[in-house]
Amino acid sequence: MTMKYALVTGGSRGIGRAVCVKLAQMGYRILINFVSNTEEAEQTLRLVREAGQEGELLRFDVSDAEQTREAIEAWTQAHPEEYIEVVVNNAGIRRDDIMVFMEEKDWRRVLDISLNGFYNVTQPLLQPMLTHKFGRVINMASVSGIKGMPGQTNYSAAKGGLIAATKALAQEVARKNVTVNAVAPGFIKTDMVEGLDEAALKKQIPANRFGTPEEVAELVGFLASPASGYITGNVISINGGLYT
């Protein structure tokens, strides 16, 4: 029996981990990408197995084109009869500061991971999706990429670029039953919001709370499913009404 495979970048923690578990529950074998935290990645793998599926760890930096290409080529050579039919481009970091004080390295690193990482990971996976006439590309954007956030010019630029790329790529591949969508979370209880004033921020959110990684994963699961086949080129916000 042919196995179904999904690759989740930044899959070791937070939203990425919740997405790995959700897709495992849907019957996918999960490729968990991570860079440095082996212990957390292995914990995600344990949770995937508890969900009834197998998985494997793929260690590479999505911002490194050569590293990414080698990792994907090695996996493809080891699985000549199979392909990765779902990719969730979730890897991303924050390096917040107001633009006047922002260092070049912080600008470049944020864009390298979110935007260049999207290209490095997705481009080599597209041809097999087109050949098999089924694929799902799901990009993790952000409310910052839709409305912009002060102190996050780099992050907003990266996520805004990812949204634009989502809309363009969707039009290129739709005829082959490959969909491309973006999910734009607001404030979600993960490491990414550490250091933020949750009590103050909740007052700005109509739902009066932060979201959970599992809620985001449910949306990703739907977009990965055959039921979402007529949804493409969209950016779906999940933010408790913060910004629509």
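Hi everyone, let me start with helix 4, residues 104-132: at 1.5 Å a residue, its 29 residues should span 42 Å, and the end C-alpha atoms are 41 Å apart, which agrees. The expected span here is 1.5 Å times one less than the number of residues. Helices, by the way, are DSSP runs of H or I with at least four residues, numbered from the N terminus.

A quick word on the source: this is a predicted model, where local features need pLDDT of at least 70, side-chain atom pairs count only at pLDDT 80 or more, and totals for chains, interfaces and linings use all residues. Residues are numbered from 1 along each chain as its sequence is written, and side-chain values use heavy atoms, leaving out hydrogens and water.

Back to helix 4. Where is the kink in helix 4 centred? On D112, with a bend of about 40°, taken as the angle between axes fitted to the seven residues ending there and the seven starting there. After helix 4 comes K133, which has a positive phi, near 55°.

Now its packing partner. Helix 4 packs with helix 6, residues 153-173, at an angle of about 15°, and the axes are 8 Å apart. Axes are lines fitted to C-alpha atoms over the stretch in contact, and angles run from 0 to 180 degrees between N-to-C directions. The contact (heavy atoms within 4.5 Å) includes W107, L111 and F118 of helix 4 and Y155, L162 and L169 of helix 6. By class, it has 14 nonpolar, five polar and two charged residues.

On to helix 1, residues 14-25. Helix 1 packs with helix 2, residues 38-50, at about 25°, with axes 9 Å apart. Helix 1 is therefore roughly parallel to helix 2, and this crossing is right-handed too. Here R17, C20, V21 and A24 of helix 1 meet E40, Q43, T44, L47 and V48 of helix 2.

Finally, helix 1 packs with helix 8, residues 213-224, at about 50°, with axes 8 Å apart. Those two helices are therefore oblique to each other, again with a right-handed crossing. Among the contact residues are I15, V19 and L23 of helix 1 and V216, V220 and A224 of helix 8.

Thanks, happy to chat!

Methods. Angles under 35 degrees count as roughly parallel, over 145 as roughly antiparallel, 65 to 115 as roughly perpendicular and the rest as oblique. A crossing is left-handed if the near helix is turned anticlockwise from the far one by less than a right angle, and right-handed if clockwise. Ala, Val, Leu, Ile, Met, Phe, Trp, Tyr, Cys and Pro count as nonpolar, Asp, Glu, Lys and Arg as charged, and the others, Gly among them, as polar.
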